[in-house]
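Grab your viewer and follow along.

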Amino acid sequence: MTRGRLKTIADIRFALGAAAFLLSAASVGPVPAKAYDTAAERPKSRAEWKAEYVRPATIPFPADNPYTTEKAQLGQFLFFDPRLSGSNHISCATCHNPSMSWGDGLPTGFGHNMGRLGRRTPTILNAAWLELLMWDGRFESLEEQALGPMGAQAEMNQDLSLIESEIASIPGYRTMFNVVFPKEGVSLKTIAKAIATYERTVVSGLAPFDRWIAGDENAIPVAAKRGFDLFSGKAKCAECHSGWNMTDHSFHDIGLPDGDIGRGNAFPANPKLQHAFKTPTLRNVARRAPYMHNGSLPDLMAVIEHYDKGGVSRPSLSDEMQPLHLSEREKQDLVAFLETLDGEDEPTVMPRLPVGPGIAQLRTAD
Amino acid sequence: MLKFRNTVLPALAGIALAGPAVAADYTVTQKNKQFDKAELTVSAGDAVRFVNQDDHAHNVYSRSSGNTFDLGLQDPGTGESVVFSTPGTVNVRCAIHPKMKMTVTVKP
């Protein structure tokens, strides 16, 4: 996992360009014989598609919340600390569980008093690269998002007007905040900044797919390579699940039959945003069942069957959604490809949280 | 309060006006899921015309206080103007493709 060295975007672009040059020199995959009028019309070769998946060299951190080791460590403490919830029982990690690829393996999660939530817990893997957070894109930054579930009654149910003094009453935290945020100490803003910094360090590890992209032809089975061609071509997955993080960051209605209108709640006048949800990453996807914003599809084959059928026909349905007419072998090849996206994630060292005074006096909200 | 070069209109906050009703001071083009400029500086009261020259529909909007607007679904080949009435920084995005973004700086 990379951390610390902050190269400019220009450096990352150079690395991507160099990699693309090297990969385009390799001759692999089908090249159509038909002549096309322009380069833009010609379907890409496998080598050209592969060039789009090179992993970035560094993690991006915003200028107003740069990375330091101490800040990320403090953020990890807070991320795993159930005292950030009203019940003192739920932490961020309760739902974003590192042992389950930073999700919870449920169709939809549970919040305060075991209330059922409306949408599936997203993974926080690779969140550093996301443009907007949440299935409906309502948060613009990790800093903004961190306080959302914390204060939400249905989720962590923490009274945000009390959390600063609760954290500041714990000597270990007071010290850490004074070191990391010397002018500000404990505040909602610094709590969020620390958590966001830690979250940015959670990156999906190197996967067999990445080794194949880097040039190791033995890294993935032949079926998975056929699956990659389908992913890029006939099955149209790469129309939305594009790039190394397998997301275009955009909002699409993929025709699932439920009443949740997703981003349409915030943009009621836009017919194309009704039932539209953010394209999630596919990193570690084989470990992160069930699938979709409502966890309604139990396994990867069910996902492929859904796309093969084309989804519920309605005005908002994404233009890319249509019946695919995949053969059984093609469906299996797609599953084989998706399984190669499992990364060797860095194991998480569980933090020893600072002890507070009077644990018996911890307030619990009802 | 909105101001125009040739017309006087009642006070409206950050409203978008369609087509040729307003002579735009600036034009921003949408193509390849990007704005043609990352930054634009205007004066309060200036109109910016957002033109969709892309293959996809877009939905340009901003939630920045004082200059909120939402152009709704904008088909390729169409353009709509927005008047930026309040000095400040305006973060503009496409609601469908959020990586498509730019900043408008409104000077007094």
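Three elements of chain A, namely β2 (277–278), α11 (300–309) and α12 (328–339), each put at least two residues into the lining of the largest cavity. Helices here are DSSP runs of H or I with at least four residues, strands are E runs of at least two, and both are numbered from the N terminus. The biggest contributor is α11(A), with 4 residues.

This is a predicted model, where local features need pLDDT of at least 70, side-chain atom pairs count only at pLDDT 80 or more, and totals for chains, interfaces and linings use all residues. Residues are numbered from 1 along each chain as its sequence is written, chains are lettered from A and ligands numbered from 1 in the order in which they are written, and side-chain values use heavy atoms, leaving out hydrogens and water.

On a 1 Å grid over the protein atoms alone, a cavity is a set of points where a 1.4 Å probe fits but cannot get out; a pocket is an open set with protein on both sides within 12 Å along at least five of seven lines, and lining residues have an atom within 4 Å of a point. Points are joined across faces, edges and corners, and a volume is the space filled by probe spheres set on them. That rule gives 1 cavity of 30 Å³ or more.

| Space | Volume | Lining | Nearest the centre |
|---|---|---|---|
| Largest cavity | about 660 Å³ | 40 residues | His241(A), Ile254(A), Met292(A), Val303(A), Tyr307(A) |
| Second largest pocket | about 800 Å³ | 37 residues | His96(A), Thr121(A), Pro122(A), Met134(A), Gln145(A) |

For the second largest pocket, α5(A) gives the most to the lining, with 5 residues.

Now the helix pair. α3 (residues 69–79) and α8 (residues 188–200) of chain A pack at about 100°, with axes 7 Å apart; axes are lines fitted to C-alpha atoms, for helices over the stretch in contact, and angles run from 0 to 180 degrees between N-to-C directions. So α3(A) is roughly perpendicular to α8(A) (65 to 115 degrees).

As for the chains, 14 residues of chain A are in contact with 12 of chain B (heavy atoms within 4.5 Å). They bury about 1,300 Å², with carbon and sulfur atoms giving 51%; buried area is the accessible area (1.4 Å probe) that two parts lose on being put together, summed over both. On chain A's side, Glu131(A), Phe267(A) and Asn270(A) supply 39% of the area buried against chain B.

Note on methods: Angles under 35 degrees count as roughly parallel, over 145 as roughly antiparallel, 65 to 115 as roughly perpendicular and the rest as oblique.
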